[in-house]
Amino acid sequence: SRCHPFFNKAKETTTTIIMKAYAAAVATVLFGASAITAFAPSASSITTRTNGGVAATTKYSSALGMADDEKVFDQEAYIAESKEMRLKHLEEQAMFSLKIAVENYGNAVFPNAMIAGDVVITHLLHRMGYLKDGAAKVMVVDTFHLFPETMDFLREIEEFYGFKAEVFCAEGVPVGDKAGYDAKYGANLWKEDIEQYDKVCKVEPFQRGLKTLNTDCMINGRTRWQGFERAWIDQFENAPIGGGLAKCNPIAYWTLEDTFDYIAKYEVPHHPLHAQGYPSIGDAKDTIPIPEDGSTKFVNFKFEGDKTPWLDYASERKGRFVGLANKDGSTKTECGIHVAGAEQTFDRDLWEEGAVKNIASTDEAAEIIGSGKEAIVAVYAPWCQFCQGMEEEFAKYAESAGVPVYKFRGDEERDFVQASLNTESFPTVNFIKADGSVVKYDSEARSADDFATFEKSFEKSTA
């Protein structure tokens with residue numbers, strides 16, 4: 001009786017042998033002998049006897065076994081072996097792209113958020129020696145809203161791998177100075193204007209970090225598996241920041257399951273919050289476990305609970321940006337770093353020339369308020385998009401205004417501007433009356449004519 005050739009390994013025909021030899025030769029030409037060995041499944045051998053009584057040794061995959069009396073297909077072993085083959089391929093592919101990024105460019109920089117994909121990249125950079133010799137630099141953006149465990153974990157992996165990350169945070173605030181951030185930008189900036197928060201705490205320090213480190217190639221942990229916004233990314237692309245800066249996405253083609261399989265295989269140090277139910281980790285204010293009851297966890301390099309809520313397509317980031325919306329009302333899915341327009345920087349002041357006069361201190365501001373003379377004062381922050389948006393019109397108004405027009409940077413003196421200049425958000429424009437009272441301009445219309453109309457609404461004081 002005939003046996004299916006899948007199991008009848010001893011009865012290989014001459015044609016089959018020739019076809020296999022041809023396939024092996026083609027593969028050798030395309031990939032080289034070492035690649036063939038790397039991707040070939042592990043094999044065992046058995047000795048059988050053909051119909052002619054001649055002994056023959058046949059190699060077969062470890063997932064395929066034959067007992068003396070029955071045919072056996074070990075499905076679990078086959079799946080495990082297939083996954084191992086896939087992981088080996090992804091690993092070599094990622095390392096090849098990192099080699100290009102680091103050795104073909106002058107200054108490769110890896111912004112590390114310490115999420116699952118990022119710890120894999122950190123591990124690969126270490127294995128390739130790029131962290132130890134400084135060929136690849138690691139930068140971290142501290143938003144002042146991260147989980148406490150995140151910066152603690154950074155110190156752990158710095159010690160483990162023997163590197164030192166460059167940490168960047170909001171402009172004008174020392175690293176680690178949350179009180180300084182609150183004083184300058186406000187503890188509730190993210191509630192008042194999430195887009196401005198992204199620019200101040202993420203985009204600007206991110207961009208400044210890349211510039212400071214003189215990078216020409218940014219290594220990034222984005223993957224196609226993370227959702228439709230990223231479904232078509234490749235391993236190399238031009239970033240929408242830094243004027244065409246090259247971007248390397250070494251794990252672009254990995255699934256999240258691949259990532260955790262790799263972490264488990266090499267026991268890669270990973271964020272401690274994975275053990276508390278978080279598939280991805282961002283700001284503490286808007287990141288939650290998935291599922292919310294924390295029943296899915298990654299503990300001691302193994303999953304506990306149902307892993308599908310983490311590993312389904314586009315599920316990795318479901319616990320991120322929770323409760324946040326963009327200005328147009330759409331659900332927030334990106335922090336702003338990886339979107340068009342992120343190339344804007346805030347390394348200049350507003351109204352640096354023209355008729356708008358600068359108030360340099362709170363004492364000078366108080367003097368103007370109590371001078372007995374009328375004036376217009378705009379309280380602003382140079383990073384604020386609405387302040388930037390009115391810059392031209394306010395300058396135009398100042399050219400023909402009937403009173404002196406001033407600017408006062410309020411993000412550096414929040415207590416004062418809240419108490420003395422009606423300021424809860426930026427920009428805030430005030431009319432200073434002769435009696436020292438301060439009247440806020442309450443309209444969102446900010447053309448030169450609008451400001452002129454506001455000025456004319458007050459009776460002029462006599463000299």
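**Stop 1: the cores**

Start with Tyr 181, Ile 376 and Phe 394: among the 49 residues of the largest nonpolar core, these touch the most other members. A nonpolar core here is a set of buried Ala, Val, Leu, Ile, Met, Phe, Trp, Tyr and Cys residues joined through side-chain atoms within 4.5 Å; buried is under 20% relative accessible area, exposed over 50%, partly exposed in between, with a 1.4 Å probe and protein chains only. Now colour strand E14 (residues 375-380), which supplies the largest share of this core, 6 residues. Helices (H or I, at least four residues) and strands (E, at least two) are DSSP runs, numbered from the N terminus.

Before going on, note that this is a predicted model: local features need pLDDT of at least 70 and side-chain atom pairs count only at pLDDT 80 or more, while totals for chains, interfaces and linings use all residues. Residues are numbered from 1 along each chain as its sequence is written, and side-chain values use heavy atoms, leaving out hydrogens and water.

Back to Tyr 181: skip neighbours within four places in sequence, and its contacts (heavy atoms within 4.5 Å) include Phe 144, His 145, Ala 170 and Tyr 197.

**Stop 2: H3 against H4**

Select helix H3 (residues 75-103) and helix H4 (residues 116-127), which pack at about 70° with axes 10 Å apart. Axes are lines fitted to C-alpha atoms, for helices over the stretch in contact, and angles run from 0 to 180 degrees between N-to-C directions. H3 and H4 are therefore roughly perpendicular (65 to 115 degrees; under 35 is roughly parallel, over 145 roughly antiparallel, the rest oblique). Show Glu 91, Ala 94, Met 95, Leu 98 and Val 102 of H3 with Ile 121, Leu 124, Leu 125 and Arg 127 of H4 to see the contact.

**Stop 3**

**Stop 4: Leu 311**

Finish in helix H10 (residues 308-311), where you'll find Leu 311. Is Leu 311 buried or exposed? Leu 311 is buried, at 9% relative accessible area. Phe 260 is 51 residues away in sequence, but the C-alpha to C-alpha distance to Leu 311 is 9.4 Å.
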